[in-house]
Amino acid sequence: MSGRSIRHPGPIAHERHAAVACQAQSLTITLEPGKTFNASVADALSAHGFQAGYVLLEDVPMKRMDYVIPAGSPGESHAAWYSETYVCPSGGTIRRAGLHLGRRDGEAFLHCHGLWEVPGEGLRMGHLLPFDAEVGEATQVRAYGISGALLDVADDAETNFRLFAPRAAPVANPARPRRAVLATARPNGDICEAIEAICAEHGFDEAEVLGIGSIVGADFAGGGHVASYATEVLIRDGRVSRTAEGLRARLDIAMVGMDGAIAEGVLVHGANPVCVTFELLIL
């Protein structure tokens, strides 16, 4: 383990991850302009009969694309916070991003981390503001519609944030179901080890891992290191396989720290603790 950790203001929860078995269906959905990005994603999944899903964004033209990056907390109420808003009034292009669509206060709500090309600035990364973004034109993207579970925003005493938490939901009868788990991981546990524990509990010997979250700095295979204690992370390629040592997760990620610098690579196993949360779809 890295020895890095973060102290949140609330009591430490006994359970260090939460996971709900579900089914996922591979889809191609169309994001339509003329509405908020949040509404565009929710409507596109709803058209296929799903109220929850994970969406993979690649080369999506944007009319507007405001975002934030991680920052230090202005007070003692949280261990980390968000930067000022980076406003992109002339849009740009989402080069690669992932998002979970779930619910907040009974309404559709998404959480998105990714990399985007900002006119005049180049490649940037952060947390997209879903109500302050809009696609530039109708665009098809890949997605997984999730049936039998969804992420629902709830108060979290440990971090003092309102965070997505998985819960059971009605089954949507996907046409081509794929066994899956919708999960979240709590602070200070290694993210690879958390994924392995979830897979072991659900009987997955081989799995694909999709998701976004945050870790306390980073150690990369090959020697790269990120010192920022608060980050935003996108899993670019996540796999779990059975090895001689047991289940082993391998995560290739992109991340941004508090200074806005982007880092990419494969995480060292056992050395990268979760910062606030990690939201996962394990297939």
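Let's start with helix H2: Ile191, Cys192, Ala194, Ile195, Glu196, Ile198 and Cys199 are its buried residues, where buried means under 20% relative accessible area, exposed over 50%, and partly exposed in between, using a 1.4 Å probe and protein chains only. Keep in mind that this is a predicted model, in which local features need pLDDT of at least 70, side-chain atom pairs count only at pLDDT 80 or more, and totals for chains, interfaces and linings use all residues. Residues are numbered from 1 along each chain as its sequence is written, and side-chain values use heavy atoms, leaving out hydrogens and water.

Helices (H or I, at least four residues) and strands (E, at least two) are DSSP runs, numbered from the N terminus. An α-helix has 3.6 residues a turn, so residues three or four places apart point the same way. What do the buried residues of H2 pack against? Their partners include S1, strand S11 (178–185) and S12; contact here means heavy atoms within 4.5 Å.

Asp190 caps the N-terminal end, with a side-chain oxygen 3.1 Å from the backbone nitrogen of Cys192. Just after the helix, Gly203 takes a positive phi of about 75°.

On to Gln25, in strand S1 (residues 17–31). Is Gln25 buried or exposed? It is buried, at 9% relative accessibility. Among the residues Gln25 touches are Phe50, Tyr144 and Pro174. A polar atom of the Gln25 side chain also lies 2.6 Å from the backbone nitrogen of Ala175. That is a polar contact: a pair of N or O atoms within 3.5 Å, where within protein one must be able to donate a hydrogen and the other to accept it, and residues adjacent in sequence count only if both atoms are side-chain atoms.

Next, two loop residues. Asp105 is not a glycine, yet has a positive phi of about 55°; Asp105 sits in the loop between strand S5 (92–104) and S6, and is exposed, at 57% relative accessible area. Asn160 has a positive phi too, near 65°, and is partly exposed at 42%.

Finally, the largest pocket. A pocket is an open set of points on a 1 Å grid over the protein atoms alone, where a 1.4 Å probe fits, with protein on both sides within 12 Å along at least five of seven lines; lining residues have an atom within 4 Å of a point. How many residues line the largest pocket? There are 29, and Tyr82, His111, His127, Phe161 and Arg162 lie nearest its centre.
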